[in-house]
Amino acid sequence: MCGIVAYVGSRPCLPILLEGLKRLEYRGYDSAGVAIQCDGKVAVRKAAGKIAHTRWATHGEPNDVNAHPHGDCGGRVALVHNGIIENYLVLKSALQAEGHTFHTDTDTEVLAHLIEKHLRRGLHLEQAVGAALRAVEGTYGIAVVSADEPGVVVGARNGSPLVVGVGDGEYFLGSDVAPIVAHTRQVVYLDDGEMVVLSADGFHTATIEHERVDKEVHEVEWDLGRIEKGGFAHFMLKEIYEQPESVRNAMRGRVLDAEGLARLGGLSRTPGALRDIRRIIILGCGTSWHAGLIGEYMLEEHARIPVEVEYASEFRYRNPLVEPGTAVVVISQSGETADTLAAMREAQRKGARALGIVNVVGSTIARESDGGVYIHAGPEIGVASTKAFTSQVTVLALLTLTLGRQREMSLEEGMTLARALEQIPSQMETILAASAAVEKIAKQHAQHNNFIYLGRGYNFPVALEGALKLKEISYIHAEGYPAAEMKHGPIALIDENMPIVFICTRDAAYDKVMSNMMEVRARRGRIIAIATEGDEEVRRRADHVLYVPQTLPMLQPMLSVIPLQLLAYHIAVLRGCDVDQPRNLAKSVTVE
């Protein structure tokens, strides 16, 4: 989850590196540092804390010593690393026996000393890096420089993303395109087991066994303005307000309302294969897992396909059953989530077709899946996901429409769903226009340290997502439950100091949720309700009501979640929390 940036070219490099680090802060921000070749040496400056490689600590606490870059015994090599070296203790012991001296608690420092060991044998930097990596077990995205090879940067990846930027006589390396796009839109995506060597003369790619690899140059579609705040106080708030447009982008060119169909070109790599699907397993982590739960309800109700939603982090450790006709739907904003990628590969090994739902073009899941759909949400910088969630749900609705129309969904039902989908962005705009009401409620409840979120049916995953947003960015303990499960334990927590957030829009479970609300009211819980426009009955039972427009029940989560995103945001701001960079979290979880 650390962020890496490197530059080779004729311009002063420090401003470029610092700017790049700033654009990578969402990947990790407990320490940072730079290494620059100058006057036959490698100068290293690093420190704990936020600095304009940024680090998310795995091995060793986040302090000045453990900050990247790391070096060798003689200070001739500097290395930055995203990932985890699993066999570092064995390697470290062997290196210490050979006389190497270590100064940090990190696994990364082992790599620097391994490279030093091979450089002492007379190898060039590229050869030494390859030899070192062949001894490593684990994941890495690295950039390495040596004082003895001025103007050369060597990068390599295995399980952690790395992108090459191709400029006009200059070259860049980054964990993603964020630090690169200000300088060039021409990029090359490295695959696992590959290396790149950058120099003033150009770049070349190879495997870590030094077999040449020819790579395609891609063009990044979005520009620098997409990763700026654009006048908003925080990236998270900007991204909440971008949701009408991001949902439009997720649907653009894909909804055929007159035919009640969806056109998903990324699923057409093997024509007819969708008709053969007999079972679906949805894999995801965190917010993507919540989107997957909504997808489960959609697909089972409207496409009549059995669906299971699995935590990707658990899936491959329990020898799961993958029967013929099983498809896995893999959901990841970054397309690089380590657990999700590993789970997808395990499912593919067992014979499943993998369909990716990702945001980042060229990401590993996008390249390795058997088909899939980009959500086209644009860059999401805030660590707490907002617009990616609603875009993921949008794509799951399109997938439901596609599979449903192949099976039992009628033309009329398909047309109704397609038209309802097209109304969602304008309905989102209505909710956002009334955001002042959310801020007012936040001011009355920001001092509480515990919240419960309750919903039923399609709104149960919304309760989970609302609770996650609050705990992520405000550090308030919050839990989401099915509303009926409240009586099976959580009701013991309810008193006048416990805010209870009900998602109680008008659907088949409405009367049951209203009964649950009365049970909370009888125990003096403070009720915040998300309700359908015009519902006065809720107003008589809740302390606060936030209204959302009515839509089809399967699409309601896309609207109901927005007030919960705003509530979490405003409470976090009132509590003085760092909304975009919450403690201990990082945007893209690329280590297990």
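This is a predicted model: local features need pLDDT of at least 70, side-chain atom pairs count only at pLDDT 80 or more; totals for chains, interfaces and linings use all residues.

Colleague: Within what arc do the buried residues of H13 fall, seen down its axis?

Modeller: Helix H13 covers residues 435–445, and its buried residues are Ser435, Val438, Ile441, Ala442 and His445. In an α-helix, residues three or four places apart point the same way, because there are 3.6 residues a turn. The buried residues of H13 thus line one face of the helix, as they fall within an arc of 115 degrees.

Colleague: What are the helix and strand percentages over residues 437–582?

Modeller: The unreviewed UniProt entry carries the annotation "domain: SIS", which covers residues 270–409 and 437–582. Over residues 437–582, the end C-alpha atoms are 25 Å apart. The chain there is 43% helix and 20% strand.

Colleague: Which strands stand at the edges of the open sheet?

Modeller: The sheet has 5 strands in the order S1-S10-S9-S11-S14, with antiparallel pairing. An edge strand has a single partner strand, so one side of it is left without a neighbour in the sheet. The strands in that position are S1 (5–8) and S14 (218–219).

Colleague: Which residue in S14 stands opposite glutamine 186?

Modeller: Strand S11 spans residues 186–189 and pairs with S14 in the antiparallel sense over 2 bridges. In S14, the residue opposite glutamine 186 is glutamate 219.

Colleague: What angle does the direction of helix H1 make with that of S1?

Modeller: Helix H1 (residues 13–23) packs on the sheet, where it touches S1 and strand S10 (171–174). The angle between the directions of H1 and S1 is about 155 degrees.

Colleague: Which residue in S10 stands opposite valine 5, and also opposite valine 163?

Modeller: S10 pairs with S1 in the antiparallel sense over 4 bridges, and strand S9 (residues 163–166) pairs with S10 in that sense, also over 4 bridges. Within S10, Tyr171 and Leu173 point one way and Phe172 and Gly174 the other way, all of them buried. Valine 5 faces glycine 174, and the residue opposite valine 163 is likewise glycine 174.

Colleague: Which residue takes a positive phi in the hairpin of S9 and S10?

Modeller: This hairpin has 4 residues between the strands. The positive phi, near 75 degrees, belongs to glycine 169.

Note on methods:
Residues are numbered from 1 along each chain as its sequence is written. Side-chain values use heavy atoms; hydrogens and water are left out. Buried means under 20% relative accessible area, exposed over 50%, partly exposed in between (1.4 Å probe, protein chains only). The arc is that of the directions from the helix axis to the C-beta atoms. UniProt positions are given in the numbering used here, feature names are shortened, and annotations may be inferred rather than shown by experiment. Two strands pair if DSSP finds at least two bridges between them. Contact means heavy atoms within 4.5 Å. Axes are lines fitted to C-alpha atoms, for helices over the stretch in contact, and angles run from 0 to 180 degrees between N-to-C directions.
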